[in-house]
Amino acid sequence: MSAVDTVQNAAPAPSPTPAMTREELEELIREGVPLVGNFGIVVESLGAGTIRLRLPYKDDFVRPGGTVTGPAMFGLADVALYGAVLSLIGRVELAVTTSMTINFLRRPPPVAIIAEARVLKLGKRLAYGEILLFSEGDPEPVAHVTGTYSIPPHAPVTLAVSHYRLDEAP
C-alpha cells in the first residue's frame, strides 16, 4: 500500500461540534456573569475550542483620550476564553480564571471590539488559551491576551483540542 493509498483510505477527521450552543453560551454570559453580561456581548461564532465575540460600542466604554477602556477589553477577553473552554467541556460553571495577561498593542478607537479566542491546551484540570482583540473593521489586533482556566471535577471530557477522541487514545 502506498502513502497515497494510506491517505486516501484514512478515516476522515471528526468534525467536532461545540459542547454548548451559541444561544446557551450567550444566556450563561448574561445571567451567570452579569457584570460582563450587561456589556451586550454577542457570540458571533462558536466552534469546539474557538469563539468569536463582539463587544458593541457604548459611550460607557470610552476613557479620557477617546479610546476604549482597558477593563472593558479585559472583561471581553476573559469571557471569550471562558466561552472557548466551555465549548469543549460543556456547562461547567465553576471553571474559573486562574491567570490572565493582557498586552495592549495599539490604541483602539471608540468602536466595537471583536475577540477571537482559542484553547491551545486542554487538560483534566487546566485549560490554556489565547485571545486576540480587534477594533471592528481593522485586521490589526489592539491586544493579545493569554490565560489559564481552572476546571473543577466534572463529567469526563471526550474531545481533545486536536480533535481526536480521548477514549480512542492509546
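Reply: Val-68 lies in strand S4, residues 67–68 (strands are DSSP E runs of at least two residues, helices H or I runs of at least four, numbered from the N terminus). The model is predicted, with local features needing pLDDT of at least 70 and side-chain atom pairs pLDDT 80 or more, while totals for chains, interfaces and linings use all residues. Numbering starts from 1 along each chain as its sequence is written, and side-chain values use heavy atoms, without hydrogens or water.

With a relative accessibility of 4%, Val-68 counts as buried (under 20%; exposed is over 50%, partly exposed in between, with a 1.4 Å probe and protein chains only). Not counting residues up to four places away in sequence, Val-68 touches Phe-61, Arg-63, Met-73, Pro-108, Pro-109, Pro-110, Val-111 and Ile-113 (contact is heavy atoms within 4.5 Å). Pro-110 is 42 residues from Val-68 along the chain, yet their C-alpha atoms are separated by 5.6 Å.

Phe-61, one of the residues touched by Val-68, also forms an aromatic pair with Phe-39. The ring centres are 5.1 Å apart and the planes 65 degrees apart, making the pair edge-to-face (centres within 6.5 Å; planes over 60 degrees apart are edge-to-face, under 30 stacked, the rest tilted). Phe-39 sits in the loop between helix H3 (34–37) and strand S1 (42–47), and Phe-61 in the loop between strand S2 (50–55) and strand S3 (62–63), so the pair ties together parts that are 22 residues apart in sequence. Phe-39 and Phe-61 are both buried.

Thr-148 counts as buried at 15% relative accessibility. Leaving aside neighbours within four places in sequence, the contacts of Thr-148 are Leu-81, Val-96, Thr-97, Thr-98, Ser-99, Leu-126, Ala-127 and Tyr-128. On that basis Thr-146 is in contact with Ser-99, Met-100, Thr-101, Tyr-128, Gly-129 and Glu-130. Between Thr-146 and Leu-120, which are 26 residues apart in sequence, the C-alpha to C-alpha distance is 9.9 Å.

Key. Rings of Phe, Tyr and Trp (its six-membered ring) pair if their centres lie within 6.5 Å; planes under 30 degrees apart count as stacked, over 60 as edge-to-face and the rest as tilted.
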